[in-house]
Structures are given as C-alpha cells and as structure tokens.
Amino acid sequence: DSLSAILNVLGLFIFLFFFFALAGVNLYSGKMNYCTDGDVDGKHDCLGTYWYFVEDDPTLPMLLPRAWLDAPNSFDNVIAAMITLCEIASLSEWTSLVQPTLDLRGHNLQPKLNASPGNALFFVVVTSVCSFYIVSIFIGVIINHINAKTGTDLLNPQQRMWQSMKKSIQLLKPIRLKLEPDNAFRRLVFKIVEHPRVYFPDNKEDRQTHVSDKNPYIPQDVRYPPLNIAQLRARL
C-alpha cells in the first residue's frame, strides 16, 4: 500500500531529524549565546554599557547596555534543535542559520567570525541526508506506486519497449488523401500541381539548390518524388 510506504518514509524522516537534533544538542547546546557588544571576550565581560555607533558613524554614538542573549535559532533542547534543522533542511536562507555555529568558541565565550569552520561538516551531512536522500526515497515510493498501479513494474525490458512503442503508434494519425475536385477547372489545376514533374520550392534555400530535371546528378527521389494515391488514380 502506498500510504503505508509513505508513512514509513515519514517515520524514517522524523527518526533522522531526532537523531541529528540529539547530535546538535550535544555539540552546540549552551554555546550559541552572545553579547550585544562584539568587543567583549565572554559572558564575564558582558556587563555595564558600551558605545554603539549608528552605521559606523563616529558622530552618532549611542550608549547601550550590554546583554548576554540567546541565539534565535539554537540547539539548547531537542525541540529547538529539530526546528532549526527543519529550516536548514529546507535550504531557505540556511547559510544565515549555519553561520552562528561556525563562529562558536565555547561555553560563555563571545563568538568570533569563522572561529570553528569544522562545524560546517555536521550541516553538510544533515542537508545531504535530509534534503536529498529522504526526498529521493519519497519520490521513489510514489513512482513505484504508480508503476504498480499501471503494471509496468512487472514487465521485462522488451515488454516495456513494446508498451512504449504501442503508445507511440496510437498517437499516429492517418495521412489525409488528396482527392480530385469535382469542378473541371479545379481538377485540371489539381493535376498540374500534383504532377510528378512539377516542383514548387518551399523556401529560398530550396529554390537556390533546385536545378532542372536534365541534371543527371540529381537524386531520383528529388527529380521524381513518389506518387501518392491521388496521382495513381489520376494516371489510371
């Protein structure tokens, strides 16, 4: 049953997210906090106030209090870790979620830019497994269900080729016969136009390459195209 197969894939998806969430909690729990003043070394220095310059303009200083804050997307618990991993696996602005983990220095220490670049390996594994591998399995389950419903999964390669050829044959349409008009004048014009020795080039390139029938090097099928049923009836 396709529903049970999809539920199995969903269960595998949740299990993998739970596993990676536990790994993320063990690796990054309590390390993603930061101070509003980027010049301090850690939580012990994140006290008092500091000068903040708006858009790095020294003429517009602002006196702000220092505060030790939690990251908006963290791995402090399993639920928060699973939510963060879901956002990363969606590949929607995932680099902004991964960058704080690359700046980690340790517990109660102020993050510094690219202080721990090795942490990127964890998220490469997460995106490879959860974003690509699971999606491929899910698509494969749907395709197998469709093949099971149509019966194509029970066919050998020759039978599948014949089925594909049969579908192509069914798409073919019969050629419309060129019947002679009832009017005498139109019938005369029809016979002139459909005569095998009369040639009307379709485009400029054909007009440039076309030569007279007296040229012996013209292929036979160009000088004398095959007769159709209407021409055979006219000759008879």
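This is a predicted model: local features need pLDDT of at least 70, side-chain atom pairs count only at pLDDT 80 or more; totals for chains, interfaces and linings use all residues.
Residues are numbered from 1 along each chain as its sequence is written, and side-chain values use heavy atoms, with hydrogens and water left out.

Now the layout. The chain holds 9 helices and 4 strands, taken as DSSP runs numbered from the N terminus (helices: H or I, at least four residues; strands: E, at least two). Read from the N terminus, the order is α-β-β-β-β-α-α-α-α-α-α-α-α. Of the contacts with a separation of 6 or more, 59% are between residues 24 or more positions apart, a contact being heavy atoms within 4.5 Å.

What about the inside? Buried residues make up 22% of the 236 in the chain; buried means under 20% relative accessible area, exposed over 50%, and partly exposed in between (1.4 Å probe, protein chains only). The largest nonpolar core has 25 residues, and F20, Y28, F75, L85, F122 and F123 touch the most other members. Helix 1 (2-28), helix 2 (78-89), helix 3 (94-102) and helix 4 each give two or more residues to this core, with the largest share, 7 residues, coming from helix 1. Such a core is a set of buried Ala, Val, Leu, Ile, Met, Phe, Trp, Tyr and Cys residues joined through side-chain atoms within 4.5 Å.

F19, F20, Y28, F75, F122 and F123 are linked by ring pairs into a cluster, and the structure holds 8 aromatic pairs. Rings of Phe, Tyr and Trp (its six-membered ring) pair if their centres lie within 6.5 Å; planes under 30 degrees apart count as stacked, over 60 as edge-to-face and the rest as tilted.

Leaving out residues up to four places away in sequence, Y28 touches F75, T101, L104, N119, F122 and F123. N119 sits in the loop between helix 3 and helix 4 and counts as buried because its relative accessibility is 18%.

Finally, go to helix 4 (residues 120-150), where you find I143. This residue counts as partly exposed because its relative accessibility is 44%.
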